[in-house]
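Please look at the sequence and the structure first, and then follow the notes by topic.

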Amino acid sequence: MTKVEQRKSMLEEVLGGLNDPQKSLPSKYFYDERGSKLFDEITQLEEYYPTRTERKILKQNVESIGQYLGEKVVLIEPGSGSSDKTRILLENLSNVSAYVPIDISGEYLFNVANELQNEFPEIKIEPLQADYTRSFELLEVMPDGRRVVFFPGSTVGNFERDTVDRFLNVVADIASQTGAFLIGVDLKKDRQVLLDAYNDSKGITAAFNKNILRHINRILASDFSLSRFDHEAVWNEEEGRIEMYLICNEAHEVAINGTTIAFEEGERIHTENSHKYTLDEFSEIVSPWFEVKKVWTDENNWFSLQYLEPK
Ligand SMILES: C[S@@+](CC[C@H](N)C(=O)[O-])C[C@H]1O[C@@H](n2cnc3c(N)ncnc32)[C@H](O)[C@@H]1O
């Protein structure tokens, strides 16, 4: 997509979401260069257990993971961000011949890919800037080998039931019959542990949540005032998910490309869902496409890394 097309599609999605009775914004717009850096800071927080738990699972089981992945692996990672967890695989496994990081946050993606190519000269690094919620062209010439889609970070929890189906379809296509899917899935657990992870005491998650407005202002020349919104993260027991909102603390209007959007005091913009699953729930969700062959977890059973093969 060209920059003009990207702007047009952002405008449509932003106005579409803000004109709904429950105002919402697509969570992918958290991520520009600043948003990607803020997310990295979140992953270092004491309260944010998912990253350190998943890293520990990867480190402790890297040999066994390598055996499941097989030989001459082409690792494809949608939403690769800092590729921090992938480094654990690249450093410890000799069977990865190519790595294709895919991310919407282009500048950040290409910087990380350059660093990786320097660190791992023997591995072919082929970055791809794309939006994985839309159909995207994989590389024209994909490196040869067994395609393994790596999707850590429980990013799968950000999808709704209908969009997760679409995404799983895409992954099944990429992996093809001979490939595999290695995915990090956050598990249901004590409510307070979840709430603390999304309401950190340093306010980094709040800054990350508000960055969506800053990003939209920059691209669409809108005039969101960040101080008029507060961060909120709540647990929805029925849906099994953390929901993030920006709550308006003072009635006002925002101008976006000639359209005016009114906000009441106390009105909320929904910015992200993070679904948590039990192992059975997740295996049921992927069952039309994949069979879960192996699950690695931590000692608290807070997080899981799962190896799936196409059915
Ligand atoms: C929660 S972070 C996870 C990063 C990394 N995979 C990890 O596990 O730490 C999500 C990443 O996905 C990217 N992302 C979010 N929505 C996207 C989309 N629709 N298409 C492509 N990348 C997206 C973000 O830029 C960010 O780098």
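Three strands form an open sheet in the order β7-β8-β11, and their pairing is antiparallel; two strands count as paired if DSSP finds at least two bridges between them, and helices (H or I, at least four residues) and strands (E, at least two) are DSSP runs numbered from the N terminus. At the edges stand β7 (229-236) and β11 (268-275), each with a single partner strand, so one side of each is left without a neighbour in the sheet. The model is a predicted one, in which local features need pLDDT of at least 70 and side-chain atom pairs count only at pLDDT 80 or more, while totals for chains, interfaces and linings use all residues. Residue numbers start from 1 along each chain, as its sequence is written.

**The sheet and its helix**

- Direction ignored, neighbouring strands of the sheet β7-β8-β11 are turned by 20 degrees against each other on average.
- Seven bridges join strand β8 (residues 241-248) to β11 in the antiparallel sense, and M244 has E272 in β11 as its bridge partner.
- Helix α9 (residues 204-220) lies across β7, β8 and β11 and runs at about 115 degrees to β7, where axes are lines fitted to C-alpha atoms, for helices over the stretch in contact, and angles run from 0 to 180 degrees between N-to-C directions.

**The helix pair α2 and α9**

- The axes of α2 and α9 come within 9 Å and cross at roughly 170 degrees.
- That makes α2 roughly antiparallel to α9, given that angles under 35 degrees count as roughly parallel, over 145 as roughly antiparallel, 65 to 115 as roughly perpendicular and the rest as oblique.
- On the α2 side R34, G35, L38, F39, E41 and I42 meet I204, T205, A207, F208, N211 and H215 in α9, with two residues being in contact if their C-beta atoms, placed from the backbone, lie within 7 Å.
- The contact of α2 with α9 has six nonpolar, four polar and two charged residues; Ala, Val, Leu, Ile, Met, Phe, Trp, Tyr, Cys and Pro count as nonpolar, Asp, Glu, Lys and Arg as charged, and the others, Gly among them, as polar.

**The hairpin**

- Strand β9 (residues 252-256) and strand β10 (residues 259-263) run antiparallel and are joined by five bridges, with H252 standing opposite F263 in β10.
- The hairpin formed by β9 and β10 has two residues between the strands, and N257 in the turn has a positive phi of about 50 degrees.

**Two domains**

- The protein chain is assigned domain 1 (3-46 + 200-274) and domain 2 (61-189 + 277-310), with bounds that come from an automatic or database domain assignment.
- Between domain 1 and domain 2, the C-alpha centres lie 26 Å apart.
- In domain 1, 13 residues are in contact with 11 residues of domain 2, and α2 gives the most to this side of domain 1, with five residues.

**The ligand**

- Among the 18 residues around the ligand, K28, Y31, G79, G81 and G153 come nearest, a residue being near a molecule or strand if its C-beta atom, placed from the backbone, lies within 6 Å of it.
- Both α2 (33-43) and α5 (84-92) supply at least two residues of the shell around the ligand.
- The ligand lies between domain 1 and domain 2, because both give residues to the shell around it.
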